[in-house]
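Hi,

Here is the structure I promised to pass on to you.

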Amino acid sequence: MLNNLKLGAKFNLVLVLIFVVGVAVSGGALSQILQRNAQNEVTSKALVLLETMNSIRNYTNTEVNPELATRLETESQFLPQTVPAYSARQVFENLRTNKKEYNNFFYKEATLNPTNPRDKADEFETAIVEGFRNKTLVGETRGFRSIPGGELFYVARPLSISKESCLRCHSVPENAPKSQLATYGKDSGKNGKENGFGWQLNEIVAAQIISVPANDVFQAARNVSFLIIGIVALIFGITILLVNLLLRKSVIQPLKQISQTAKEVSTGNLEAEFQHNSNDEIGLLATAFNRMKVSLKMAMDMLNQDN
């Protein structure tokens, strides 16, 4: 089949094969690099947000809570504004609402034994917290998890009890504010470690988790990949066009001319000329062809003289 193709078609076929293989190999590598960069970018944003949430937690614990602490004993309902976790989550929700770039970010302090049920860790989050507790996970961790709506990319950090003031609400029911008991109950369970009670100083009780849909993480990377591949394809297409023009002018047309000249010589027109003023391979072929034509003419003249 290849023997029936013209020289230009063969050359283009080789270029296209090189392009396809090159795009397949480099595209895969490029995709991995861009996805890794996208993960790092999201992780950097998540870590900044976590630091911000920790600052809010500290402010609530040192500034807000002391101002409202006395009201916790007199109010009929618990004041969640005194809880660092509540403040951090409310501020984060406000950020999500008002800043488009953070619309798809989610924040949760996944807790093994929370006072507020909304902070209860699910099975996946529980595994993360337990990993921090038994030190199989250290510092921070990130990865992907599957939920019914799709995949999430998450960044998680351990959350431990570093201030004794936190134990007022989370040690034993007897020490807890009356409004807390009225709102969430005072049942600490048989082992004293339910309903947010039984926490100990320096114990890891939760994980701060920021997550974002995986599709959002990789969409920008995919867009950049397609853009780069599109640019490469355009450059390659222009290159093929230029190579074809050069090939046609420097190789194909001279070969057609020498082929036509050879036909004329074969039919007896020994005056036919083929001129190609260059020192490349086509020029050498033209020189050899003209030399052969001269030799053929001399041989024909000698035969005619003998006759």
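By salt bridge I mean a side-chain nitrogen of Lys or Arg within 4 Å of a carboxyl oxygen of Asp or Glu. The two residues are three apart in helix α2, so about one helical turn separates Glu93 from Arg96. Helices (H or I, at least four residues) and strands (E, at least two) are DSSP runs, numbered from the N terminus. Glu93 is partly exposed at 27% relative accessible area, whereas Arg96 counts as buried at 17%. Here buried means under 20% relative accessible area, exposed over 50%, and partly exposed in between (1.4 Å probe, protein chains only).

Before going further, a word on the source: this is a predicted model, in which local features need pLDDT of at least 70 and side-chain atom pairs count only at pLDDT 80 or more, while totals for chains, interfaces and linings use all residues. Residues are numbered from 1 along each chain as its sequence is written, and side-chain values use heavy atoms, with hydrogens and water left out.

The whole structure has 13 salt bridges. One of them joins the side chains of Arg157 and Glu51 (2.6 Å, N to O). Because Arg157 lies in strand β3 (residues 150-160) and Glu51 in helix α1, this pair ties together parts that are 106 residues apart in sequence. Arg157 is buried, at 18% relative accessible area, and Glu51 is partly exposed, at 42%. Another salt bridge links Asp119 to Arg89, at 3.6 Å between the closest N and O atoms; both Asp119 and Arg89 are buried.

Now the domains, whose bounds come from an automatic or database domain assignment. Domain 1 covers 7-20 + 223-306, and domain 2 covers 21-181 + 188-222. Their centres, taken over C-alpha atoms, are 71 Å apart. Domain 1 brings 10 residues to the contact and domain 2 brings 11, where contact means heavy atoms within 4.5 Å.

About 860 Å² is buried between the two domains, 55% of it from carbon and sulfur atoms. Buried area is the accessible area (1.4 Å probe) that two parts lose on being put together, summed over both. Val20, Asn223 and Ser225 supply 47% of what domain 1 buries against domain 2, more than any other three residues. Between domain 1 and domain 2 there are zero salt bridges.

Best wishes
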